[in-house]
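Dear colleague,

Please find below the structure that I am handing over to you. My notes on it follow directly after the display.

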Amino acid sequence: MNDKPVFRGSYTALVTPFADGVVDHAALRALVDWQIDSGTHGLVPVGTTGESPTLSHEEHRAVVETVIQQAAGRVPVIAGAGSNNTREAVELALHAQQAGADGVLVVTPYYNKPNQEGLYQHFAAVAEAVSIPIIVYNIPPRSVVDLSVATLARLAQLESIVGVKDATGNVGRILQQRAACGPDFVQFSGDDILALASVAVGAIGVISVVSNVAPRLCADLQNAALAGDFKAALALQDRLTALQQAIFLEAGVTGAKYGLSLLGRAREEVRLPLVASAEPTKKAIRDAMVLAGALDA
């Protein structure tokens with residue numbers, strides 16, 4: 001763990017492109033190159049935005065391997081390894097480590113509704129199994145459980161657990177977790193629209209859905225904010241706000257894939273139970289991309 005990578009900046013929660021029902025690895029490789037060329041600081045494949053719930057284990061592993069191979073060490077890759085089955089989370093994390101991932105993102109177990117001790121034991125089991133850094137993903141609106149500040153502080157004592165992706169929607173949690181876990185504990189915003197505010201109170205970046213379609217803008221915003229140039233960061237935020245709202249009018253991944261389809265970089269195709277965005281949502285996304293400067297009018 002002494003040589004652990006520095007996680008900082010704009011990390012893209014990468015979509016998984018499909019073509020006629022199967023993973024389009026050629027499009028995925030092209031997306032990785034475009035993201036890196038656009039200044040993205042890191043990649044997070046096979047999270048929820050990567051449609052991990054509808055990928056088979058074989059597809060999940062193959063996507064992780066493709067992204068790591070294509071990134072080729074140019075930026076860190078934090079592979080999604082979440083599950084509400086602890087054994088499955090351990091297996092996914094082990095595979096990510098063996099494939100060469102720089103870290104894993106492990107979400108709080110959804111649907112099961114474990115108590116705080118169950119949450120602690122879940123993450124502790126993954127931490128015991130792997131030596132690469134673990135980012136805890138706390139997203140109460142989707143998982144229905146909220147990892148408490150006290151439990152996160154316990155987990156921060158484990159060597160492998162180095163940070164949190166906070167999608168509680170409460171910027172104050174960044175401050176509370178900073179006080180409980182220390183200033184060196186990595187905190188990513190899990191909400192695009194709160195990313196700038198989160199950096200202002202101690203986060204070191206964002207794991208972003210919007211950066212799928214506007215990677216340069218998102219990276220530039222983080223560069224400015226992390227350098228303390230909040231005037232420049234706010235000017236970029238003003239360009240992105242409408243897009244951050246439009247992408248999430250429905251499922252973030254459907255919005256991101258529609259945006260990518262406008263750019264000619266991926267199909268709009270998603271897997272059931274997701275379907276393509278409705279026409280009013282598409283119009284809002286297109287208009288917001290034009291406003292941001294991510295798409296020509």
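**Aromatic rings**

In this predicted model, ring pairs join Phe7, Tyr11 and Phe188 into a cluster. The structure holds two aromatic pairs. One of them is formed by Phe7 and Tyr11, with an edge-to-face arrangement: the centres are 6.2 Å apart and the planes stand at 90 degrees to each other. Phe7 and Tyr11 are both buried.

Two further rings have a charged side chain over the face. Arg154 lies over Tyr120, at 3.7 Å from the ring centre. Lys165 is placed over the face of Tyr137, at 4.0 Å from the ring centre.

**Helix α4 and its surroundings**

Helix α4 covers residues 116-129, 14 residues in total. From its first C-alpha to its last it reaches 20 Å, close to the 20 Å expected at 1.5 Å a residue.

The buried residues of α4 are Leu119, Tyr120, His122, Phe123, Ala124, Val126 and Ala127.

Thr151 belongs to helix α6. Is Thr151 buried or exposed? Thr151 counts as buried because its relative accessibility is 5%, which is under the 20% cut-off. Leaving aside residues up to four places away in sequence, Thr151 touches Gln116 and Tyr120. Tyr120 is itself among the buried residues of α4, and is the ring over which Arg154 lies.

**Helix α7**

Which residues of helix α7 (residues 171-181) are buried? They are Arg173, Ile174, Gln177 and Cys181. Seen down the axis of α7, these buried residues fall within an arc of 105 degrees, and therefore line one face of the helix. As background, an α-helix has 3.6 residues a turn, so residues three or four places apart point the same way.

The buried residues of α7 pack against β7, α6, β8, β9 (186-189) and α8 (195-200). Both ends of α7 deserve a remark. At the N-terminal end, Asn170 is the cap, its side-chain oxygen lying 2.9 Å from the backbone nitrogen of Gly172. After α7 comes Gly182, with a positive phi near 100 degrees.

**Backbone features in the loops**

Val46 has a positive phi, near 50 degrees, although it is not a glycine. Val46 is located in the loop between β4 (42-44) and α2 (57-71). With a relative accessible area of 3%, Val46 is buried.

Val144 is likewise a residue other than glycine with a positive phi, near 75 degrees. The loop between α5 (140-143) and α6 contains Val144. Where Val46 is buried, Val144 is exposed, with a relative accessible area of 53%.

Finally, the peptide bond from Leu272 to Pro273 is cis, and its omega is near 15 degrees. Pro273 is part of the loop between α11 (252-262) and α12 (279-292).

With kind regards

Methods: Residues are numbered from 1 along each chain as its sequence is written. This is a predicted model: local features need pLDDT of at least 70, side-chain atom pairs count only at pLDDT 80 or more; totals for chains, interfaces and linings use all residues. Side-chain values use heavy atoms; hydrogens and water are left out. Helices (H or I, at least four residues) and strands (E, at least two) are DSSP runs, numbered from the N terminus. The expected span of a helix is 1.5 Å times one less than its number of residues. Buried means under 20% relative accessible area, exposed over 50%, partly exposed in between (1.4 Å probe, protein chains only). The arc is that of the directions from the helix axis to the C-beta atoms. Contact means heavy atoms within 4.5 Å. A polar contact is a pair of N or O atoms within 3.5 Å; within protein, one must be able to donate a hydrogen and the other to accept it, and residues adjacent in sequence count only if both atoms are side-chain atoms. Rings of Phe, Tyr and Trp (its six-membered ring) pair if their centres lie within 6.5 Å; planes under 30 degrees apart count as stacked, over 60 as edge-to-face and the rest as tilted. A charge sits over a ring if NZ of Lys or CZ of Arg is within 6 Å of the ring centre and within 35 degrees of the ring normal.
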